[in-house]
Amino acid sequence: MKENILVTGGAGYIGSQNCKELYKNNFHPITFDNLSTGRKDFVKWGELIQEDLKDFQKIDEAIKKYKPKAVMHFAANALVAESIKDPQKYYENNVLATLNLLKAMLKNSVKYLIFSSSCATYGMPKFSPIIESHPQDPISAYGRTKYMIEQILKDYEKAYDFNYVSLRYFNAAGADLEAEVGENRDEETHLIPLAIDTALKKIDKLNVYGFDYDTKDGTAIRDYIHIQDLASAHLKALFYLFSTNRSVELNLGSDNGYSILEIIDEIEKHTNTKIDVKRCSKREGDPAILFANSSKAKKILGWKAQNSDLKTIITSAIKWHKKKNLL
Ligand SMILES: NC(=O)c1ccc[n+]([C@@H]2O[C@H](COP(=O)([O-])OP(=O)(O)OC[C@H]3O[C@@H](n4cnc5c(N)ncnc54)[C@H](O)[C@@H]3O)[C@@H](O)[C@H]2O)c1
């Protein structure tokens with residue numbers, strides 16, 4: 001019989017790609033999602049429990065019923081700017097909801113968790129590439145919720161029969177290689193979907209913040225990791241937990257930095273259009289360069305990013321956006 005894995009946030013961008021990966025690898029993903037930002041039609045590889053993690057009874061019932069071998073925890077609010085304006089929403093939905101999940105897991109003897117953490121826990125980089133021992137000093141409420149949850153997991157591991165892998169993603173990007181799921185936010189703030197929408201003429205102009213960074217072309221450099229590579233890392237993290245009963249924090253990035261202008265060039269190349277750019281001044285708190293060193297994940301999980309070259313990220317995202325516009 002297939003092992004059940006509970007996937008909170010399985011109707012979202014990254015969670016749904018992980019459900020597909022679990023399904024392809026003979027697990028049975030069960031999505032627990034309130035559809036606040038997720039889509040019902042992204043839940044294609046197992047059932048959906050449409051409930052809110054802030055409701056302890058509901059997550060307790062779900063875990064009692066399905067007895068998952070492990071939980072993958074993607075559910076969260078994840079917009080940095082919104083978290084600064086409305087921290088209460090973030091502390092409740094990210095931290096409080098995670099405490100509910102952990103309580104239900106302990107109560108029902110589920111001992112493995114994979115947690116979606118973030119490079120936002122590092123704050124302003126003191127050096128790049130960023131390794132896991134880089135100081136964690138988040139500068140937004142969002143980053144602090146992820147940092148707090150990491151600390152909570154460490155305490156739980158010491159006190160209870162419980163193990164976790166905290167995966168610190170850099171910028172998740174691209175779409176499912178068969179264009180089944182991809183980025184789809186009501187209020188988009190991420191560069192790649194906005195630039196593609198500009199190329200596809202759904203938006204007039206793309207705002208680019210900062211042309212005077214100390215980088216090769218003056219624009220900011222970031223590390224983009226394809227969602228399929230995130231999914232393969234989660235699967236390996238699951239096997240790591242099952243086979244070692246140990247806990248760990250790991251960066252997940254491509255270890256390559258691309259500038260904003262490089263991203264725009266690549267999208268222009270694959271859409272045969274010119275993207276109209278509005279030059280805006282730098283935003284506070286946006287570092288010039290941010291990219292990962294993921295060698296710990298490579299060593300511990302035997303994982304390697306295989307789809308995070310710029311061409312695969314951009315072409316998969318364009319394919320998904322064209323399909324999404326027809327849905
Ligand atoms: N996208 C990135 O670049 C990135 C980078 C680092 C970390 N992360 C983390 O990865 C995870 C997934 O991000 P995403 O980009 O797929 O976001 P998303 O918004 O697409 O997915 C989040 C999912 O969680 C669900 N959800 C939110 N609150 C819930 C609640 N209280 N109860 C039940 N379901 C709830 C939403 O409906 C949605 O389906 C998040 O934890 C995010 O912080 C994302």
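Q: Where is Leu35 found?
A: Leu35 is found in the loop between E2 and E3. Helices (H or I, at least four residues) and strands (E, at least two) are DSSP runs, numbered from the N terminus. Residues are numbered from 1 along each chain as its sequence is written. This is a predicted model, in which local features need pLDDT of at least 70 and side-chain atom pairs count only at pLDDT 80 or more, while totals for chains, interfaces and linings use all residues.

Q: What is the phi of Leu35?
A: Its phi is near 60°, a positive value in a residue other than glycine.

Q: Which residues does a cis peptide bond join?
A: Ser128 and Pro129 are joined by a cis peptide bond, with omega about -5°. Pro129 has its place in the loop between E5 and helix H5 (141-159).

Q: What is the order of the open sheet of 7 strands?
A: In general, strands of a sheet pair through backbone hydrogen bonds, either parallel or antiparallel. Here the order is E3-E2-E1-E4-E5-E6-E11, and the pairing is parallel; two strands pair if DSSP finds at least two bridges between them. Strand E3 (48-49) and strand E11 (248-252) are the edges, each with a single partner strand, so one side of each is left without a neighbour in the sheet.

Q: How many bridges join E1 to E4?
A: Strand E1 (residues 3-8) and strand E4 (residues 70-73) run parallel and are joined by 4 bridges. Within this pair, Leu6 has Val71 of E4 as its bridge partner.

Q: Which strands does H7 touch when it packs on the sheet?
A: H7 touches E4, E5, strand E6 (163-169) and E11, and its direction makes about 160° with that of E6. Axes are lines fitted to C-alpha atoms, for helices over the stretch in contact, and angles run from 0 to 180 degrees between N-to-C directions. Two residues are in contact if their C-beta atoms, placed from the backbone, lie within 7 Å.

Q: At what angle do the axes of H1 and H7 cross?
A: Two packed helices are described by the angle between their axes and the distance between the axes. The axes of helix H1 (residues 13-24) and helix H7 (residues 227-244) cross at roughly 55° and come within 9 Å. That makes H1 oblique to H7; angles under 35 degrees count as roughly parallel, over 145 as roughly antiparallel, 65 to 115 as roughly perpendicular and the rest as oblique. Residues in the contact include Tyr13 and Ile14 of H1 and Ile227 and Leu230 of H7. By class, this contact has 6 nonpolar, 5 polar and 1 charged residues. Ala, Val, Leu, Ile, Met, Phe, Trp, Tyr, Cys and Pro count as nonpolar, Asp, Glu, Lys and Arg as charged, and the others, Gly among them, as polar.

Q: How far apart are the axes of H8 and H10?
A: Helix H8 (residues 260-271) and helix H10 (residues 310-326) have axes 10 Å apart and pack at an angle of about 55°. That makes H8 oblique to H10. Among the residues making the contact are Glu262 and Ile267 of H8 and Lys311 and Ile314 of H10. The classes in this contact are 4 nonpolar, 3 polar and 3 charged residues.

Q: Which residues around the ligand come nearest?
A: A residue is near a molecule or strand if its C-beta atom, placed from the backbone, lies within 6 Å of it. Of the 27 residues around the ligand, Gly9, Gly12, Gly38, Ala76 and Ala172 come nearest. H1 gives the largest share of the shell, 3 residues. By class, the shell has 12 nonpolar, 12 polar and 3 charged residues.
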